[in-house]
Amino acid sequence: MLLQILVLTLLSSSTADDGGGQWQLLQNDIGVLPMHMQLLHNDRVVIYDRTDFGTSNLSLPDGKCRMDPNDTALQVDCTAHSLEYDVASNSFRPLMVQTDVWCSAGAAMSDGTLVQTGGFNDGDRRVRIFKPYPDGSDWEEIPFALSVRRWYPTNHILPDGRQIVIGGRRQFNYEFFPKTGGASKAYSLPFLVETNDRLIENNLYPFVFLNIDGSLFIFANNRSILFDYARNKVLKTFPAIPGGDPRCYPSTGSAVLLPLRNLKAATIGAEVLVCGGAPKGSFNEAQNRTFVKALNTCARTTITDPKPEWVIETMPVGRVMGDMILLPNGDVLIINGAGLGTAGWDNARDPVLNPVVYRPSDPPGLRFRLLNPSTIPRLYHSTAVLLGDGRILVGGSNPNVYYNFTGVPFPTELRLEAFSPPYLDPKFENLRPIILSPSSQTKVRHAQQLVVRFKLTGGGVTSDTVDVTMVAPPFNTHSFSMSQRLLVIGGENVTKVGNTTWDIHVSIPGSGNIAPSGYYLLFVVHGKIPSKGIWIRIA
C-alpha cells in the first residue's frame, strides 16, 4: 500500500503550471486529413477523410485512380482519401475509398474487421469493409447495404456481434449490420425527434453505450434514455443535464462510459461522464461570427441507479469538440477542441492546446489536472485514439470546406502527433510492468480464467497495487469514440514466482453484455502505471 501511495503521489505532484505529459511530432504531412480513426489488432490505424473536396496530398499507388461520376468535386481522382498508419514503423500507405465517406461511423467486428457505415452523396447508404490482412488490405464497398442514408450517425458493437447504426441527419431511426434474414429495415426512434433542435439539430452523433444488461444508454442534445433495441422500447428516461445546454453535434461535447469494475459482484454499477459542449444558441451565434464561450462543465451519473441524477463538475477550461479517451489505468484524457464557438465550418476560435486528465476515483474537486500543451490547434475534424503502448495518436483539424493551407484562421492540418500521458514519464520505468505471458493475439473465452505473468523491477506487488484492464479500441470521429470500453478484470491472487516476476489471476467477463466478443488491449497496471498492452481476442 505504501508503494501505491508513493506512485500516486508522484503522478499527482505536478501542478497545473508545470503540467505533465509529452508531445511528439510523428509525421509532418500524411497527405490525408484524419477525420476518422480506428486502431486495429495489427497495431495499425485506419484513417480516412471525405472524397468530395478535390485532391488530397497523397497519391494513390501504381497509377491507380478513383473514378466516380457522382463525385461533386472530381470524377477522376488519383489521390488517396484514406490511409493505413503503421504504429511500429511510423509509416503509412495510401488506401482507396470509392465513394464519399464524409461524416460517417464504424466499429471493429468480433473478427477484427473494420466495418464503416454511411457518408454523403453516393456513399450515404454504403457499407465499407476493411480486413487487416498481413500482406496488405484495401477497402471493399457494399452498395445499398443500409436501409436509409446515414450522415452523422453513431454505431455501437452489440453482444450478438452485429453493429447498431443510430440516427444521422434527418434520420430518426436505427438499423443493424449485418442484416438478419436478408431484411433491410430501419426502426423508428422517436427520442431522436424529441431531441432535435429545429435548424440546428444538436442530436447528431449521439453518445451511445452498451449497458451491463445489454440495453443501450443513448444521449442526444441534453437528454438520455435507456433503450431496449430488440423490443424497440424505452426502458428509462433520465433527467436532463442541469442547465439544459446541448452536448451533441454541432454543440459538440464528448462522453465516456467510465471503467466497469467489480465484475464478479452481484450488482455492477455503470457510470457515464459527459464533458464540454456549447451553450444554447451558440451555433447560430457562430454563424453570425460571434463565438460564445464553450461549456466548462462535466455531468456524471450512474445509469444503473434506480433514481439516477446528474452530478456537475467543473473542468479547468471550457471546451467544445474535445475528445475523451479512456486510458489503460482507468483515467480519462480530454484532448483537442476549442474554447469558443461550435463545430462546423470556421465556427470556432481559441484552440484549447492543453489536454486534461480526469481521475474518476479521486474525491470531487480533485479529479482534474491540466497537462502540457501541444503547439498545434486541433479544432473541427480532429481525432485521437489510444495506442497499445499507452500513447495517444492525435491528428486532424480542418474547419475549412476544402484543403486550405493559407489565408484562413486555422489551416488544414496534416501533421500527426503522439501525446504521452504522465504515466509514460521515464522516471516510472522501474515501476512499469512488462507482460511476459500470455502472448499477444491469444484467444480466450467468456468466463475463462487467465494467468497473466509480468515482470517488475522496482517495488513490491500486492493485490492492492496491481490491476489488469481490458480496453476495446473505439472508432473515433467528431469528438466521440464509438464502442469505447474499459473493463477492470482483476487484481486478486497475486503470486511471486521469481525475484522480479509475478503471476496475477484474472477472469474474462462471462457475458457479452459486459464484454462483447472481439479484440481488446490487455494491460497490467501497477500503481497507476500501465504496461504496454497485448492483444487478446474473446471468441
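Which strand gives the largest share of the lining of the largest cavity? Strand 42 does, with 3 residues. This is a predicted model: local features need pLDDT of at least 70, side-chain atom pairs count only at pLDDT 80 or more, and totals for chains, interfaces and linings use all residues. Residues are numbered from 1 along each chain as its sequence is written, and side-chain values use heavy atoms, without hydrogens and water.

**Cavities**
- A cavity is a set of points on a 1 Å grid over the protein atoms alone where a 1.4 Å probe fits but cannot get out; lining residues have an atom within 4 Å of a point.
- The count comes to 6 cavities of 30 Å³ or more.
- The largest cavity holds about 230 Å³ of space.
- Its lining has 23 residues, with Ala108, Met109, Ala472, Pro473 and Tyr519 closest to its centre.
- Strand 2 (36-39), strand 8 (105-108), strand 12 and strand 42 (518-526) each supply at least two lining residues.
- Strands are DSSP runs (E, at least two residues), numbered from the N terminus.

**Second largest pocket**
- A pocket is an open set of grid points with protein on both sides within 12 Å along at least five of seven lines.
- The second largest pocket has about 320 Å³ of space.
- Among its 18 lining residues, Asn262, Leu263, Lys264, Val488 and Ile489 lie nearest its centre.
- Strand 39 (residues 485-490) gives the most to this lining, 3 residues.

- 4 strands form an open sheet in the order 12-13-14-15, with antiparallel pairing.
- Two strands pair if DSSP finds at least two bridges between them.
- Strand 12 (154-157) and strand 15 (187-188) are the edge strands, each pairing on one side only.
- Strand 14 (residues 173-177) pairs with strand 15 over 2 bridges.
- Asparagine 173 has serine 188 of strand 15 as its bridge partner.

Key. Points joined across faces, edges and corners; volume = space filled by probe spheres on them.
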